[in-house]
Amino acid sequence: MKLKKLAAMGAACGIAIAGLGVASMASAEPVSNSYALVGSDTLQDSVNAITNGTSLTGSLVRVTSNNKTLGNFDAFGATAIQTKQGGPFFGRPAGSGAGVTALRASITGALYTGNVGVPARQITGQVDIARSSSGPGSNANANGLLAYVPFARDAVGFAYKGGDSSWATLSAAQLKSIYECNTTSVGGVTVKPRLPQSGSGTRNFFLGAIGNPALGSCVSDATGTTPENDASVLGTNDLIPFSAASWIAQANGATGVNTTLNSGVSFGSPVGGEPAFTGTAPNLVPNTDFYKDATFGRDTYLVVEYARIVSGDAKYDAGLANLVNPSVSNSLTSFGSLPTSVGAVKKKFGFLAPSTTTIQRAFATL
Amino acid sequence: MNLKKIGTIVAAATAVSLLAGGLSATAANAATPAPQFYLLDNNVGNPVPDGTVLQWDSQVIAAPGPGADYITTLFKGTTDATGVAYFIAPQGKESTMSAWTASSDGALTPGTVDIMAPNLTLSGFLFGNWAQVKANGGDFSLGFAWTRNNGLNIADAGVKYIGIHVKPGGDWTFDPQSSTPSATAPTITTTALDAVKVGAAFSQTLAADGTAPITWSIKDGGSLPAGLSLDGSTGVVSGTPTTAGAYSFTAVATNSAGSNEKAFTGTVDAAAPTAPTKPSGSSANKVDVVDPAKGAKTITVPAGAANKSKTLQAWAWSDPTNLGQVTDDGNGNFSVDISSLPAGEHTIALVAPGDATYTVLAWDTFTKQSAAGDTTTDNVDLTAAVTASDLWSLNAEATKVDFGSVARDKSVTKPLGKVTVVDDRNVLKGWDLTAAWSPFKNGAGDEIPATALAVAPKAFSGYTPITGVTVGTGSKIASSTAVSTLTTGALFDADLTFTAPKDAQTGDYTSTLTVTLTSK
């Protein structure tokens, strides 16, 4: 982004930001006056807090960039969003995969669809950072054009409604059998497996962790639009992948919406002997041993164009590079311990520090 | 908040703030040299040192005290406060919201009217003319204010601020924060080393007043007693002295404010004795110990009235032997059990138990006679005359060895025959038995070199060499140390192998082999 552009926006954006103060932090919809973030539902609430400002830790913590605020857009809400001043309305990227796809379109100029309700649009420069609750997987490439920067450590379990006491811990093998519809009853209670929409990073991570089951016909919303990390979607005896961090954040009141209060819903652990958290709401504390699990613990990421954070590249953008540099105090990806730090806010949202700060590159072509 | 919003509050804000936060803050500022808050880095919460040049985006937070421990200490507000604003203001205009150059919204700690560790990073200011501050620089006040009326006015709690100095481009410094008292130079308080003794482990910590950290060193020109060393970071002098004698060194204590020296002199004491020195001749306190009668198990040491009614330690020599504690008879006469001592002359001495100097209080020599039960010795003279035949001879039994016909490039082996060595001389010295042979020649004058014959010595059949006699190899047939072969002699033989060279002329060849016995 050029300085000239920044200056022009600075004069014009004051009123829009003033409106932000009275709007709910969890539904930030004004245009950004610097960088725009889209993608994962799992990460949206914590990123909303640190970009819009939060006093959850007692002290106001807000990440800004060169005297400009950031625009973080939820995964769900109105079907279309406008992220930058004068920019196009385009389909709201709903989830990690859609967020990365939107970022790629923002780089290449390819048309972006987003969702069926919004026509394909060219969104060049409209997305700067994609929230991703999973790593690049098979798209990893040592010379990749995107950089996956570790954001925080999450772990995935499952939420269920009803069931019986044996549902509190279900092994990966049991869960695979359930999603292949070979196991239809657990503890004498019929189980109905559910899945968030296909772009959900939580969904994709969970299915990989339980052994990539061949989804059976009993998974009714395998191709649906069920939002991730929303316990309100559960019917009696339903079971669905769920982010432990999101559950903790909701239960602790860190987010605007708390779906863990829905009647009869519980969080189950796929790691034997390790509950996802300890304590009682609103003071749930992540269980480090559960998060450390190599199968069900996961690092989450912020994804940016690699060239924009490499000093010396023509596209290098110091502001964006600082925002995702974990060694820069108060960056989006930092994880300090002071109550004034970004890390302290992330912990309130049920996240722990990522297992590494090493960037992964992905996508040899966009 | 934005420029337009700031503009609308000019009249109201000015009036209120001068009565509320503005004046009170200024008064407080004048009453105390301490800053209204301390700048800490937002990484680990350390105080930002005075004089630090901060960058526009350096992350700083404000705390009531100089360290991370103060981060959770709240800045106390007043009940009228409903919000918080951060500001960059012209100096003297801190309480005039309309005069603020730049601002940003803060937040009260939830459930309170207090503020916790506001983040005053300059790149975090969102409203007003922060760009001018960054571009042009200047002297400003950086601070935060409790607000009310939706941020229109400053609340009764007022403002807190510090002076900052921004350079064009955004780098900035701040007015010194008197949180850190100036360092005090060290003064060494240790006056002398403890007693230093050879062989005794030593440890003493040199002490100094003054601001930590203090480092320690030894000034050139002096040195610690041999075997001791100084830990520069702790001031601990430790080790085990190795050499007795005088020492002199100067210790130097240094901190950020200066250094201090102190000279130390003294003497390393010799190693402590473990036994009294054996008295003799004119040594003090000699008494008269009567030699014990044969078989007596004790002697009496008349140590005199000076030692009456005492318990003393008894020692006896040649090697100092601790005979245990002895108690006198009330008149200074000590009975010492000498049953553990062998017969012969001894020195007996008494010292006080626990006396590290082992001062001899009474001593004398006495002779203990052998008694029944003692180990005794006596001598019987034994004599014998050793005789010898005084023989020294060599005899090769064979006079001729005939290899017969030998084709070119073929070999024939024949025994040399028995060779007898007799060495039974009166004075045995040992010997060597060697062989030498000449080239083979025929009548026509042809010659086969001596190397055509190989000699492999061995003991003669049926004879086993005695200890000291060794069979050799090649031309060295045998050798012996100074032992007698007795008159039967040592018996040797050798395999003689003749190889006819490929280029040898035919004919009958002869050579002579000579065995030689040489005394060592």
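Which residue stands opposite B:His165 in S8(B)? Keep that one in mind for the third view; everything shown here comes from a predicted model.

**View 1. The two chains at a glance.** Chain A brings 10 helices and 17 strands, while chain B has three helices and 34 strands. Of the 366 residues in chain A, 55% are buried; for the 520 residues of chain B the figure is 32%. Now take contacts between residues at least 6 apart in sequence. In chain A, 73% of these join residues at least 24 apart, and in chain B 68% do.

View 2. H4(A) covers residues 96–108, 13 residues in total. From first C-alpha to last it reaches 18 Å, close to the 18 Å expected at 1.5 Å a residue. The helix is mostly covered, with 12 of its 13 residues buried. Among those buried are A:Gly97, A:Val100, A:Leu103, A:Arg104 and A:Ile107. What do the buried residues of H4(A) pack against? Their neighbours are strands S1 (36–39), S5 (111–112), S7 (129–132) and S16 (297–305), plus helix H6 (201–209), all in chain A. Look just past the end of H4(A) for A:Gly109, which takes a positive phi of about 85 degrees.

**View 3. An open six-stranded sheet in chain B.** Reading across the sheet, the strand order is S5-S4-S3-S6-S7-S8, and the pairing is antiparallel. Strands S5 (127–128) and S8 (172–174) sit at the edges, each pairing on one side only. Zoom in on the S8(B) side, where S7(B), residues 153–166, pairs with S8(B) over three bridges in the antiparallel sense. Here's the residue from the opening: B:Thr173 in S8(B) is the one opposite B:His165.

**View 4. Strands S1 and S2 of chain B, side by side.** S1(B), residues 38–41, runs antiparallel to S2(B), and four bridges join them. Which way do the residues of S2(B) point? B:Val60 and B:Ala62 go one way, B:Ile61 and B:Ala63 go the other, and all of them are buried.

View 5. In soluble globular proteins, nonpolar side chains tend to be buried together. The largest nonpolar core here has 142 residues, and A:Val303 and B:Ile88 are the ones with the most contacts inside it. Strand S8 of chain A (residues 146–161) gives this core its largest share, 11 residues. Leaving aside residues up to four places away in sequence, A:Val303 touches A:Val100, A:Leu103, A:Ile129, A:Ala130, A:Ser132, A:Leu146, A:Ala147 and A:Tyr148.

**View 6. Where chain A and chain B touch.** How many residues does each chain bring to the contact? Chain B supplies 27 and chain A supplies 22. On the chain B side, the residues that touch chain A split into 14 nonpolar, 11 polar and two charged.

Key:
Residues numbered from 1 in each chain as written. Chains lettered and ligands numbered in written order. Predicted model: local features only at pLDDT ≥ 70, side-chain atom pairs only at ≥ 80, totals over all residues. Buried ≥ 20, exposed ≤ 12 C-beta atoms within 10 Å, placed from the backbone. Helix = DSSP H or I, 4+ residues; strand = E, 2+ residues; numbered from the N terminus. Pairing = 2+ DSSP bridges. Contact = placed C-beta atoms within 7 Å. Expected span 1.5 Å × (residues − 1). Nonpolar A, V, L, I, M, F, W, Y, C, P; charged D, E, K, R; others polar. Core = buried A, V, L, I, M, F, W, Y, C linked by C-beta atoms within 7 Å.
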